[in-house]
Amino acid sequence: MLRKFNSGILVILAVAVLLLSVSCDSPPVGIVTGSSQISSAARDIAGDKLEITNIIPGGMCPGHYDVKPADVEALANGELFIIHNWQQDKANITNLIEAANHPDLPVRIIDIMDAPMLPSYQIEMVDSISLIFSEMYPEDSDYYQESAANRKEVISVKEAEIKERIENANFGGVKVLCDKMQAGFIGWLGFDVITTYGRPEDLSIGEMEQLVTEGKQAGVVLVIDNWQSGGTENSEGIARDTGAIQVVISNFPGAFENTETWDKAVDKNIDLLMEALAKA
C-alpha cells in the first residue's frame, strides 16, 4: 500500500516538473519590426522578455524591399508589428499585412520625423517603443521603463563621445553635397551641406549637371551618398566631376559588417567620413 502511495506521489511530481519545464521553455512573445532601427532599439528594451524579428535588413531600402514568404509567416504568427510613420503607406508593408491575414494583429507606429542616426531620434524611439511594450504587456511595464531609462543614458553618453570625435575630426564648415536622406545627420555633424540630391532613378541628366556646377562653384570636398538609396554610380560621377571624394554611409544598423546596433553603425559612419576627409 505504501509502495503504491509513493508511486502515486512520484507520478504527480513528475507531471508537475514536466509542466513547469514546458512553461519555462515556452518561446518568448513574437514582435515583428519594419526596420533594423526599430529592432535594434526594441532588443535593448525587451531584453529576454520578448522575441524580436526584423523583416527588412539594414542594407536594404525599406521602401523598395521585396517581401519574402518568411516575412509573411513571421507576421502571421506575430503578436505585434512596429513600423516607422513613413512605412504606413508603402506598398510592400500594406501588401505584407494583407498577405499575413492576421486581422487582430496590432500595428504600432514610430511617429518621429527626424534623421534616424541622430541621438535625439534614438532617444525618442526608445521612449516610443517602451510605451508600446508597456501598453501591450503591462505586467512587465516596470522592466521596460527601466530598460528604456538605461538605454537613454547610454545614448546620451554616446552623443557626448560623438561630439568629441567630430570636433577633433574638424568636420565643421567642410562643404559637401549629400543624399537628402543623410542631410539631417550630416548637418548635425557640422558639415556645410551645399545642396542635396534624391534617389538615383529620380535624377535627370540636367539635375546631375546642376549638382556638378554647384559643387564646383562651392568647392565641395565630399559627396556623401546613402547606402539604402540604391546605386552609387551617380554620386561617384558627381564626385569625379567636381574633384571631390565620394563616401557612402548608412541610415540603418546592419548595412556594414559589425554594425548591428545604432552605436556601432554611427561609429562606422563617422569612421568612413573621417577616412574620406583624410583622402581629400
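1. Basis of the model. The structure is a predicted model, in which local features need pLDDT of at least 70 and side-chain atom pairs count only at pLDDT 80 or more, while totals for chains, interfaces and linings use all residues. Residues are numbered from 1 along each chain as its sequence is written, and side-chain values use heavy atoms, with hydrogens and water left out.

2. Overall composition. The protein contains 10 helices and 8 strands; these are DSSP runs, with helices being H or I of at least four residues and strands being E of at least two, numbered from the N terminus. Of its 280 residues, 43% are buried. Buried means under 20% relative accessible area, exposed over 50%, and partly exposed in between, with a 1.4 Å probe and protein chains only.

3. Surface and contacts. The accessible surface is about 14300 Å², and carbon and sulfur atoms account for 53% of it; such areas come from the Shrake-Rupley method with a 1.4 Å probe, and for residues only the protein chains shown count as cover. Contact means heavy atoms within 4.5 Å. Among contacts between residues at least 6 apart in sequence, 64% join residues at least 24 apart.

4. In soluble globular proteins, nonpolar side chains tend to be buried together. Here the largest nonpolar core has 49 residues, and Phe133, Ile186 and Leu189 have the most contacts inside it. Helix α10 (residues 262-279) gives the most to this core, with 8 residues. A nonpolar core is a set of buried Ala, Val, Leu, Ile, Met, Phe, Trp, Tyr and Cys residues joined through side-chain atoms within 4.5 Å. Beyond its neighbours within four places in sequence, Leu189 is in contact with Ile162, Ile166, Phe171, Ile270 and Leu273.

5. Helices α2 and α6. The axes of α2 (residues 36-46) and α6 (residues 141-169) come within 8 Å and cross at roughly 120°. The two helices are therefore oblique to each other, since angles under 35 degrees count as roughly parallel, over 145 as roughly antiparallel, 65 to 115 as roughly perpendicular and the rest as oblique. Axes are lines fitted to C-alpha atoms, for helices over the stretch in contact, and angles run from 0 to 180 degrees between N-to-C directions. Asp44, Ile45 and Ala46 of α2 meet Tyr143, Tyr144, Ser147 and Arg151 of α6.

6. Ser147. This residue of helix α6 is buried, with a relative accessible area of 11%. Leaving aside neighbours within four places in sequence, Ser147 is in contact with Asp44 and Ile45.

7. Ile129. Helix α5 (residues 119-136) holds Ile129, which is buried with a relative accessible area of 0%. Not counting residues up to four places away in sequence, Ile129 touches Ile38, Ala41, Ala42, Ile45 and Ile110. Ile129 and Ile110 are 19 residues apart in sequence and 7.6 Å apart in space, C-alpha to C-alpha.

8. Two residues with positive phi. Most residues other than glycine have a negative phi. Asn101, however, has a phi near 50°; Asn101 is in the loop between α4 (91-100) and β4 (107-110) and counts as exposed at 64% relative accessibility. Asn258 has a phi near 60°, is placed in the loop between β8 (245-249) and α10, and counts as exposed at 53% relative accessibility.
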